[in-house]
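Subject: A structure for you to look at

Hi,

Here is the structure I promised to pass on. Open it up and have a look around before you read my notes.

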Amino acid sequence: MLERWARPWGRLWNGIAGATDAVYRVLGRPGKLLQDFLNGSWLGHSLHPVVVDVVVGGSTAAVLLQVLSWLGVADLRTAMLWILALTWLAGLSAIVTGLTDFKDTATGDERHVVGLHGLINIVATGLFIGAFVALLAEAGLLAGVLMMVAYAVVSVGAFIGGHVVFKYGYMVNHNAFSSGKRAKEYTPILPAAELVEGTPTKAMLGPTALVLVRRGDLVFALKETCSHAGGPLSQGELDGYSIVCPWHASAFRLSDGAVRHGPATTRQVAYRARISGDQVEVQGPIV
């Protein structure tokens with residue numbers, strides 16, 4: 001049902017994603033660092049749900065105070081003002097972090113529903129700002145009505161946010177349920193002659209696809225599926241001792257899979273690798 005509602009707005013969602021991406025590109029290197037911060041690459045998972053928790057918690061507290069005020073509890077206006085201020089400021093943060101994640105969302109129904117989620121929460125943030133301004137102007141009844149409407153809207157937005165996470169695995173580690181086959185001992189997976197210097201090369205460890213990179217006498221091995229959205233790292237490019245995903249430009253350190261740049265927030269599964277005789281061998285994953 002949500003997909004049917006969101007599809008007619010597809011051109012809007014694609015336009016917003018494209019415009020957001022363009023802004024970051026214009027900003028260059030500082031834009032990349034800002035994106036890393038807003039994606040939550042430094043945090044280990046998306047930053048967006050962290051600030052969303054503040055919005056939901058703050059709005060719930062504000063609504064509770066409003067109900068208590070209607071029941072006759074006095075002197076709650078100042079507390080409501082502070083909580084509403086926190087709520088709409090967190091809402092603005094949620095919009096910025098959400099847009100940063102959204103620009104790398106897969107096209108189709110996933111992007112459509114995420115776009116609907118974002119639009120609804122933008123409306124809710126506007127209503128919370130309206131409630132704050134009304135309360136500041138001592139228009140208590142209007143503030144209370146706007147607050148209740150905003151809370152209903154943000155609740156719908158939160159429900160849709162849960163839908164995109166649980167149905168589409170949005171901003172969830174794509175290797176969470178398939179970390180990769182284990183190799184207790186060094187196991188040959190590719191003839192050494194087929195591993196060209198400085199060229200990402202796909203190889204199989206049983207059912208698990210790995211990407212191998214040779215740098216002189218060193219060989220690096222990572223799980224080939226990008227943790228962000230499942231992109232094929234073997235088709236990516238090298239940036240020194242990092243590999244860059246071809247889909248959304250997440251960058252991972254070859255030695256241990258650590259995230260160098262987002263939108264990925266979860267490290268890539270890494271293996272120890274070496275050349276032994278005429279074979280490339282791997283062991284791991286590295287914990």
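Predicted model: local features only at pLDDT ≥ 70, side-chain atom pairs only at ≥ 80, totals over all residues.

Residues are numbered from 1 along each chain as its sequence is written, and side-chain values use heavy atoms, with hydrogens and water left out.

**Pockets**

Rolling a probe the size of a water molecule over the atoms shows where empty space is left. On a 1 Å grid over the protein atoms alone, a pocket is an open set of points where a 1.4 Å probe fits, with protein on both sides within 12 Å along at least five of seven lines; lining residues have an atom within 4 Å of a point. A volume is the space filled by probe spheres set on the points.

The largest pocket holds about 820 Å³ of space. It has 40 lining residues, and His-48, Val-52, His-117, Asn-121 and Gly-161 are nearest its centre. Helices here are DSSP runs of H or I with at least four residues, strands are E runs of at least two, and both are numbered from the N terminus. Helix α5 gives the largest share of this lining, ten residues. By type, the lining has 23 nonpolar, 15 polar and two charged residues (nonpolar: Ala, Val, Leu, Ile, Met, Phe, Trp, Tyr, Cys and Pro; charged: Asp, Glu, Lys and Arg; polar: the others, Gly among them).

The second largest pocket has about 410 Å³. Among its 18 lining residues, Arg-25, Lys-32, Gln-35, His-248 and Ala-249 are closest to the centre. Here α2 provides the largest share, nine residues, and the lining splits into six nonpolar, six polar and six charged.

**Rings**

There are four aromatic pairs (ring centres of Phe, Tyr or Trp, with its six-membered ring, within 6.5 Å; planes under 30 degrees apart are stacked, over 60 edge-to-face, the rest tilted). One of them is Phe-220 with Tyr-241: the centres are 5.9 Å apart and the planes at 85°, so it is edge-to-face. Phe-220 is in strand β4 and Tyr-241 in the loop between β5 and β6, so the pair ties together parts 21 residues apart in sequence.

Finally, Arg-274 lies over the face of Tyr-186, 3.9 Å from the ring centre (the cut-offs: CZ of Arg or NZ of Lys within 6 Å of the centre and within 35 degrees of the ring normal).

Cheers
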